Amino acid sequence: MHNANSAPPPKALSARRSGPLKGTVPVPGDKSISQRALILGALAEGETRISGLLESGDVHSTAGALRGFGAELTAEGPGRWRVVGTGVGNWRSPRSELDFGNSGTGSRLVMGAMATTPITATFTGDASLKSRPMARVVAPLEAFGVTYEGQGPKALMPLTLHGARDAQAIAAEVATASAQVKSALLLAALNAKGVSHISQAWLTRDHSEKMLKAFGARIHVTSCHDGGETIAVEGPARLKGCAVEVPRDPSSAAFAIVAALIVPGSEISLPAILLNPRRIGLLETLREMGAHIDVKNIRSSGGEDIGDLVVHHSSLRGVTVPGWRAPSMIDEYPILAVAASFAQGRTVMHGLEELRVKESDRLAAIVAGLTANGVATEVTGDDLTVIGMDEVPGGGTVTTHMDHRIAMSFLTMGLASQEPVMVDDVTMIATSFPEYQDLMSGLGAVMEAP
Ligand code: S3P
């Protein structure tokens, strides 16, 4: 687990042009669903058994924090966890501050989950998490009666949150296209008296809604004519522990998918990938770019759609990606920018403002990484254009800014560029995808310490 005060020493890695990638990639469990399974398990009465849980730094940080609130969490084998929750409203104040490492999702959802119980907790994390705005979560929670002390107007961590006593239901409009903020409000509503109505103009990932239903919450989603939706949650809720099967993470799969598309002669399989419609914007975009990706055997697992993917090397062409698609591929822009570097023509990506507040300022990190490797870009407001090349020069060193997805994206670039691409630090990859390097090597990718 990462510790706010003892970040692991940086480790550089270089990726170079590799032969055809071949084989099968068992991508680990979905990070969003893993986080939610632990949190809902810790809020529920009785036992929750989880299979396929992502064993990564972020998820382990959340597990540690949930123990601080009084839930019992036990790892019983790789990906198999048993959680015994306290029941909604029964969390206690943790004895020490909660270190969420690099995890924005874990920390923000837990803020919501404790917000309507009269307890106090202090949240901290690594340098990246401490630079991310928490005001977007804690300010909307004030409607429930929460108070907090954070650092400055963005309410940066270390942040102390005082949950509300006798919270009442609210009606709130989520002002950002963020599933984390929406989910924090939904979790807070569980212990507020009455029916809360949480509206959002964007269709962000809906794993919280689906899982809350599976745990027995009274929750109802209505579509609005503006294209958004309103979620009604009744409190106080009684959640019942249940079995959760975590599907494989499409956001982690994205790195292997793009690697196979850009390395000539490649053909790889990715079994049982989560295909929730609100998570597959990258697949749609890559297909528009001419990617040959077969999706087979679509089925349901744990209330989510999953399917088997086969990805073939493809000639890609530039496309325009509309801003409304951003919520369904918000974590995939760094790897899309790499794919776009190898495409014919220009790829224009609209509406990327949310990228500036991820694990790093991803818009800036993408532009710096592409520029360092000889790929031209244009940024106008929140839109990014990548100018594709027949041959991507590579040869640059990329600063990852403690951002796992920046690291994996630029290692992917190095597999097909003329010269190797080096990233300055790959330690953060363990926050979401610890098996990344081994799985890629197994396909034939060449990555070595400089
Ligand atoms: C997540 C939501 C997204 C995403 C993050 C996971 C979630 O963040 O970037 O990796 O699990 O709810 P935002 O809610 O900030 O868009």
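Predicted model: local features only at pLDDT ≥ 70, side-chain atom pairs only at ≥ 80, totals over all residues.
Two elements, helix 1 (31-43) and helix 5 (179-189), each give two or more residues to the shell around the ligand. Domain 1 (13-29 + 247-448) and domain 2 (31-245) both contribute residues to that shell, so the ligand lies between them.

The residues around the ligand are Ser32, Arg36, Thr105, Ala177, Ser178, Ala179, Gln180, Arg205, Ile330, Asp331 and Lys358. By class, the shell divides into three nonpolar, four polar and four charged residues.

## Polar contacts and cover

At Gln180, a polar backbone atom is 2.8 Å from an oxygen atom of the ligand. On its own the ligand has 380 Å² of accessible area, and the protein covers 96% of that area.

## Backbone geometry

Most peptide bonds are trans, and most residues other than glycine have a negative phi. The following places depart from this pattern.

The peptide bond from Met157 to Pro158 is cis, with omega near 0°; Pro158 is placed in strand 9 (residues 156-162). A cis peptide bond also runs from Gly235 to Pro236, where omega is near -10°. Pro236 belongs to the loop between strand 13 (229-235) and strand 14 (243-245).

Asp166, a residue other than glycine, has a positive phi, near 50°. Asp166 is found in the loop that joins strand 9 and strand 10 (171-174).

Key. Residues numbered from 1 in each chain as written. Heavy atoms only, no water. Near = heavy atom within 4 Å. Polar contact = N/O pair within 3.5 Å; in protein donor to acceptor, adjacent residues only side chain to side chain. Areas by Shrake-Rupley, 256 points an atom, 1.4 Å probe, with all protein chains shown as cover. Helix = DSSP H or I, 4+ residues; strand = E, 2+ residues; numbered from the N terminus. Nonpolar A, V, L, I, M, F, W, Y, C, P; charged D, E, K, R; others polar. Domains from an automatic or database assignment.
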